[in-house]
Amino acid sequence: EEMSEDAPFIDGYLRRKVPEKLDFVISNALVRGDGVAKPLGFLNGPCLSTVAAESGQTADTIVAANVLKMFAAMPISSRSTAVWLIHPDAEPQLPLMTIGQMPVYVPAGGLSGSKYGTLLGRPVIPHQVCETIGDVGDIMFVDFNQYLTLTMTGGGRDANGMRAET
């Protein structure tokens with residue numbers, strides 16, 4: 001009887017938490033997977049390009065020059081589809097960045113009505129899979145259109161190679 005009373009709570013909890021956990025596991029594999037029974041993450045792949053800190057840059061900060069170098073390193077064909085992934089603790093630094101008098105970051109909402117802020121015109125997505133500020137992977141400019149994933153639909157195959165429908 002007690003279990004049947006708890007069932008709606010557990011169902012709601014699982015419906016909320018399972019997608020969150022799956023998102024993290026899949027995102028983490030795409031970012032730092034080693035290619036063994038999972039994707040080769042872009043932090044471990046040949047596509048990785050890192051930007052060094054600027055001379056005199058305070059530790060654990062992100063400055064406009066870093067962002068400009070990352071943007072410039074992205075192939076031109078990917079610049080219109082790439083997104084910025086950032087650790088949530090980097091968000092307070094974004095509105096402080098300017099080039100001359102011009103901001104490089106535009107927050108979400110406002111006139112644009114956008115779900116995400118933009119950095120140099122591209123969406124900024126805070127995600128817990130990113131590293132904390134100062135570590136490789138704290139802010140990443142990635143084009144997921146250049147990353148291939150395969151998804152099996154309609155079931156798999158059993159040990160004998162026969163299609164197993166689900």
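I'm working with a predicted model, where local features need pLDDT of at least 70, side-chain atom pairs count only at pLDDT 80 or more, and totals for chains, interfaces and linings use all residues. Residues are numbered from 1 along each chain as its sequence is written, and side-chain values use heavy atoms, with hydrogens and water left out.

**Rings.** I found four aromatic pairs (Phe, Tyr or Trp rings, the six-membered one for Trp, with centres within 6.5 Å; stacked under 30 degrees between planes, edge-to-face over 60, tilted for the rest). F9 and Y13 are stacked, because their centres are 6.3 Å apart and their planes at 25°. I then checked exposure (buried is under 20% relative accessible area, exposed over 50%, partly exposed in between, with a 1.4 Å probe and protein chains only). F9 is exposed at 63%, while Y13 is partly exposed at 37%.

Next I looked at W84 and F141, which are stacked with centres 4.0 Å apart and planes at 20°. W84 sits in strand β1 (residues 83–86) and F141 in strand β7 (residues 139–142), so the pair ties together parts 57 residues apart in sequence. Strands are DSSP runs of E, at least two residues, and helices runs of H or I, at least four, numbered from the N terminus. Both W84 and F141 are buried. Ring pairs also join F71 to W84 and F141 in a cluster.

**Pocket.** Which residues lie nearest the centre of the largest pocket? I noted S49, M70, I139, M140 and F141, out of 35 lining residues. A pocket is an open set of points on a 1 Å grid over the protein atoms alone, where a 1.4 Å probe fits, with protein on both sides within 12 Å along at least five of seven lines; lining residues have an atom within 4 Å of a point. β7 gives the most to this lining, with four residues.
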